[in-house]
Amino acid sequence: MQALVTDTPIAVIGAGAMGSGIAQVAAQSGHRVYLLDQRTGAAEAGRQNVAKQLQRRVDKGKLKQSSLDSLLERIIPISDFDELASAGLVIEAIIEDIEAKQKLFAELEAICTKQAILATNTSSLSVTALGASMEHPERLVGMHFFNPAPLMALVEVVKGLATSEDVAQCVYATAIQWGKKPVIATSTPGFIVNRVARPFYAESLRLLYEQATDSATLDALIREAGGFRMGPFELTDLIGHDVNYAVTTSVFNAYYQDTRFLPSLVQKDLVDAGRLGRKSGQGFYHYTEDAQKPQLATAETAHTEEDTLIVEGSAGPLAPLVARLRNHGCEVVERDGPGRLLFGAAVLALTDGRMATERAAEDACNNLILLDLAFDYTQANRLAITAAEQASPRAINDACALLQKADIAVSHIADRPGVVIMRTVAMLANEAADAYLHGVASLDDIDLAMKAGLNYPEGPLRWSDNLGFSLVHTVLTNMQQSYGEDRYRPSLLLRKNRFAEKGFYS
Ligand code: NAI
């Protein structure tokens, strides 16, 4: 199905943060855009907002003044519904309220031509439910932009039960024409991104709840070892805890209280206290001018005479770390064994989802130190470790000394299952696998959504494949056992991959 031609007028209803951004995107692609808001002056203010944003680009020499002027001429604030009759696509970005949106679509059906596509920018309402009160629900589709719409590449094109394939394909092609990266999703709670991203916040909140370490250290690990652009606490401080907590709660309830999505009491406390993040001056962090930078839990420089690293068996995902240590002067000796690293008194292994204490007892290896996953061990400049209760201070010292040889800052956190990055990635992959299992979207679209919508360094399914066909399943199975909670149950597809000895893409 073809994209809408640029001669097609577009209408945007609701000229707030999202509506004005969407109007900018459409106008940038050459469309005439009618902008309507129920609040007097809001449509004009939305247009002014676009002018203000783009003036900065003109001042920096990135956009010609004449281009800005003609773009602004194409955004036409209106107050009369009748002027919407010529629009080929109407995108609503009004208040997130099902009755208000249903009323609006009824009005639009009465005014717009039969061919006009009606789209909703809702992030949490069912497109199927919105369509249920329409005369022609086949022409309703979700067009879910991300904030700020002109900058964020992702658009989730959401199909309700009645949405026609042609309508979805036309909106998909139009989004590409507008310079976006669209994905197709079925109308299920949270669509792709707001569902699959829940563990990104939830696992760190859980670790904080269990006092594994402090928020600043978890944020630093997520960035410096995980390769994510922001840590979950600085990000939720930015989003606002009221907003983030509401999304989590709505997804949790929409999935009939599946504990996978259980909201966190830590975040609820912040909301109850009015510590909503940046906008209220305090969330996990303080935002006053004299606020101190939080201290990170970083191990002090450890000393050792040792410089031989023994690699027993396959290093698996730790192979790039071994190569990095070799480049930093470690003598590496390889021999047969169960897949672990020996350095001085320390026995090091990649976390498999068991607590170090548990694994040390099961494997009869007291001095066990578990290493967290890194997105790229050749680049990570911080890594979390956990030590078995039975481990000697010497073993912990030697593990720190080894990583410090490669200039890696060590955060020794309390012994909890799956350390930090591994459990986050495993749960992201788990949710992504179930979203695929439930027919929400294709493998490629799920991975693309997480990268284009949230700047993840890798799509969760591809990331899981990169770790091998069984590691994520093992981690989750062990975490489920350690916690005794359904929350960590592995997706059927991860289990299937394990027995088929293949990944999602292989
Ligand atoms: P906003 O509060 O900034 O803007 C909403 C605008 O709609 C206001 O100007 C309001 O006067 C107007 N409005 C309300 N009811 C109306 C009606 N019946 N007819 C015409 N205009 C009406 O809200 P925002 O953040 O722009 O969100 C709008 C929609 O986009 C919501 O459905 C929201 O869930 C969705 N969304 C929001 C995102 C965000 O990060 N803010 C991201 C993606 C989607």
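A salt bridge here is a side-chain nitrogen of Lys or Arg within 4 Å of a carboxyl oxygen of Asp or Glu. By that rule, a search of the whole structure turns up 29 salt bridges. In one of them, the side chains of Arg 423 and Glu 203 meet, N to O, at 2.8 Å. Arg 423 sits in helix α16 (residues 421-437) and Glu 203 in helix α8 (residues 198-209), so this pair ties together parts that are 220 residues apart in sequence. Helices are DSSP runs (H or I, at least four residues), as are strands (E, at least two), numbered from the N terminus.

A word on the model: it is predicted, so local features need pLDDT of at least 70 and side-chain atom pairs count only at pLDDT 80 or more, while totals for chains, interfaces and linings use all residues. Residues are numbered from 1 along each chain as its sequence is written, and side-chain values use heavy atoms, with hydrogens and water left out.

Some polar contacts (pairs of N or O atoms within 3.5 Å) can be picked out. A backbone N or O atom of Ala 17 lies 3.1 Å from a ligand oxygen atom, and one of Gln 38 lies 3.2 Å from a ligand nitrogen atom. From Arg 39, a polar side-chain atom lies 3.2 Å from an oxygen atom of the ligand.

How values were computed. Polar contact = N/O pair within 3.5 Å; in protein donor to acceptor, adjacent residues only side chain to side chain.
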